[in-house]
Amino acid sequence: MEKFVLAIDQGTTSSRAIIFNHSGEIVSKDQMEFTQIFPKPGWVEHNANEIWDTQLKVIKGALSKGKIDINQIDSIGITNQRETIVVWDKNTGEPICNALVWQDKRTSDYCNALKKENWEDYVVENTGLRLDPYFSGTKLRWILQNVDGALENAKAGNLLFGTIDTWLIYKLSGGKAHVTDFTNASRTLIYNIKDKQWDEKLCNLMEIPTSILPTVQNSSSDFCKTDEAVLGAKIPVCGVAGDQQAALFGQNCTEIGMVKNTYGTGCFMLMNIGNEFQVSKNGLLTTLICSADGSPEYGYEGSIFIAGAAIQWLRDGLKIISDASETTAKAEAIDNTDDVVVVPAFVGLGAPYWDSEARGAIFGLTRGTSDNHIVRATLESLAYQTRDVLEAMELDSGLKLTTLRVDGGATANNFMMQFQSDILGSTVERPQMTETTALGAAFLAGIKTGFWDKEEIKSVWKLDKAFKNDFSEQEKERKYGIWKKAVKRTMGWLSE
Ligand code: ADP
């Protein structure tokens with residue numbers, strides 16, 4: 001009987017299930033969107049029960065589409081939207097309110113108040129993160145302080161807290177397991193990544209009783225067995241990682257200095273920095289990632305807010321393309337941008353600039369500028385922003401990037417990938433399998449059960465195309481210099 005590994009990929013807008021065979025190929029998948037709830041400006045919620053219902057449906061959907069019996073599933077790996085949290089009643093299993101999503105900004109004022117009380121340094125040095133509403137801790141505090149009776153109930157030991165992986169494992173195990181993995185814990189703001197335990201000081205500060213917190217495990221370890229009443233069989237769930245860390249693992253970036261970049265709506269970059277905790281001096285986060293056997297190591301993380309979203313803006317805002325795939329032909333219709341630069345700082349600038357008052361701009365316009373120039377310059381902006389973050393990673397780590405592994409929707413664009421290589425002066429490697437997030441979760445599960453060994457997963461990763469840099473050093477630095485000049489001029493735009 002052929003065996004498979006099931007990856008549960010619970011994202012911000014959809015729940016997905018993907019079944020992989022031993023060669024790492026997708027044999028079946030299913031996907032369902034769920035409701036995005038916006039109760040007030042800046043607030044973003046999900047219904048945790050709907051997340052579970054859709055997740056269960058797509059698991060069953062993927063099995064039936066692939067004509068695979070549940071007993072053919074060797075093991076299950078979970079990867080999930082990070083920082084989103086659920087609090088539920090231990091006795092009934094019912095969430096006490098909607099899940100608060102990573103995008104939710106309701107705790108901005110509280111984060112600012114903590115900054116004024118000089119908590120930022122402690123947070124950076126112990127969690128690797130910054131005081132930002134993005135992370136879970138202040139959201140958990142908000143629920144405990146604002147949902148009727150929550151704090152008392154939590155103190156009495158009646159409530160459980162979890163990121164989405166924890167919630168799904170709780171449901172899959174029929175309410176038996178309350179666990180998470182190191183990578184998800186490292187995004188909560190209340191987890192000390194230096195000591196690898198929940199941070200007592202931060203929990204006390206935010207009045208979070210420790211009884212509410214899940215047990216933290218290696219990303220490749222036994223989290224639970226599925227309840228027969230839920231899936232019809234007892235299948236081990238033994239791989240768990242947050243989405244970006246799962247992608248890093250799926251890209252086989254398990255050696256020090258290896259970097260992956262995911263080009264979706266935004267760009268998410270992670271660099272493996274090995275087993276020593278280091279604080280970034282250049283605007284990056286430090287977070288826990290998975291080593292070759294799934295145990296925790298450290299990584300630098302840098303995010304770009306607007307990447308593929310800038311291509312969507314060309315389509316929906318400027319209406320100069322009707323589909324993202326048209327950008328290649330338009331970019332290649334001209335020889336170069338004639339030094340037109342698009343800085344897509346539509347929501348400010350993230351790493352390494354951290355300027356919320358920057359706004360987007362187009363520079364270098366002349367009578368000869370056409371829509372093609374703007375399209376090409378927009379594609380190039382994804383590559384320039386990537387170099388900005390990679391330079392910060394190189395500075396912080398003292399390591400020189402040789403190869404960048406890429407995934408995500410926008411990597412379909414060969415022109416952009418070639419330009420990325422040119423402007424970095426490094427090789428860019430695009431794998432055949434671009435579902436690296438789900439694959440990473442599957443790998444974590446499969447190496448635990450022995451479905452794959454560590455060497456096998458290296459050979460499962462297959463190159464689709466390597467883009468080799470082609471610019472002279474002079475041209476590369478001239479173009480990048482113009483980009484830096486343009487970025488400077490967008491900074492502080494709102495405050496000037
Ligand atoms: P997400 O997971 O954030 O929704 P995906 O990985 O699905 O993102 O990638 C979709 C993004 O990639 C969109 O923002 C889209 O504009 C961009 N994109 C898709 N195809 C191309 C292309 N050929 N060239 C450039 N950008 C593209």
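**The ligand shell**

Helix α11 (residues 308-316) gives the largest share of the shell around the ligand, with four residues. Bear in mind that this is a predicted model. In total 13 residues surround the ligand, and the closest are T265, G308, Q312, G409 and N413. Sort that shell by class and you get nine polar residues, four nonpolar ones and no charged residues.

In the side chain of T265, an N or O atom sits 2.6 Å from an oxygen atom of the ligand. As for cover, the ligand on its own has 580 Å² of accessible area, and the protein covers 65% of that.

Next, the sheets. One of them is an open sheet of seven strands with mixed pairing, in the order β17-β18-β16-β15-β21-β22-β23. Its edges are β17 (285-290) and β23 (463-467); each has a single partner strand, so one side of each has no neighbour in the sheet. On average, neighbouring strands here are turned by 30 degrees against each other, if you ignore direction. Within this sheet, β16 (residues 267-274) and β18 (residues 296-304) run antiparallel and are joined by seven bridges, with M271 standing opposite Y300 in β18. Helix α14 (residues 414-424) packs on the sheet, where it touches β15 (259-263), β21 (403-407), β22 (427-431) and β23. The direction of α14 makes about 145 degrees with that of β22.

There's also an open sheet of six strands, again with mixed pairing, ordered β3-β2-β1-β5-β14-β13. Here β3 (26-33) and β13 (224-225) are the edge strands, each pairing on one side only. Strands β1 (residues 4-10) and β5 (residues 73-80) pair in the parallel sense over seven bridges, and I8 stands opposite I78 in β5. Helix α1 (residues 48-65) packs on this sheet and touches β1, β2 (14-20), β3 and β5, with its direction at about 150 degrees to that of β3. Another helix, α6 (residues 164-172), lies across β1, β5, β13 and β14 (236-242), and α6 runs at about 145 degrees to β5.

How values were computed:
Residues numbered from 1 in each chain as written. Predicted model: local features only at pLDDT ≥ 70, side-chain atom pairs only at ≥ 80, totals over all residues. Heavy atoms only, no water. Pairing = 2+ DSSP bridges. Helix = DSSP H or I, 4+ residues; strand = E, 2+ residues; numbered from the N terminus. Contact = heavy atoms within 4.5 Å. Axes fitted to C-alpha atoms, helices over the stretch in contact; angles between N-to-C directions. Near = heavy atom within 4 Å. Polar contact = N/O pair within 3.5 Å; in protein donor to acceptor, adjacent residues only side chain to side chain. Areas by Shrake-Rupley, 256 points an atom, 1.4 Å probe, with all protein chains shown as cover. Nonpolar A, V, L, I, M, F, W, Y, C, P; charged D, E, K, R; others polar.
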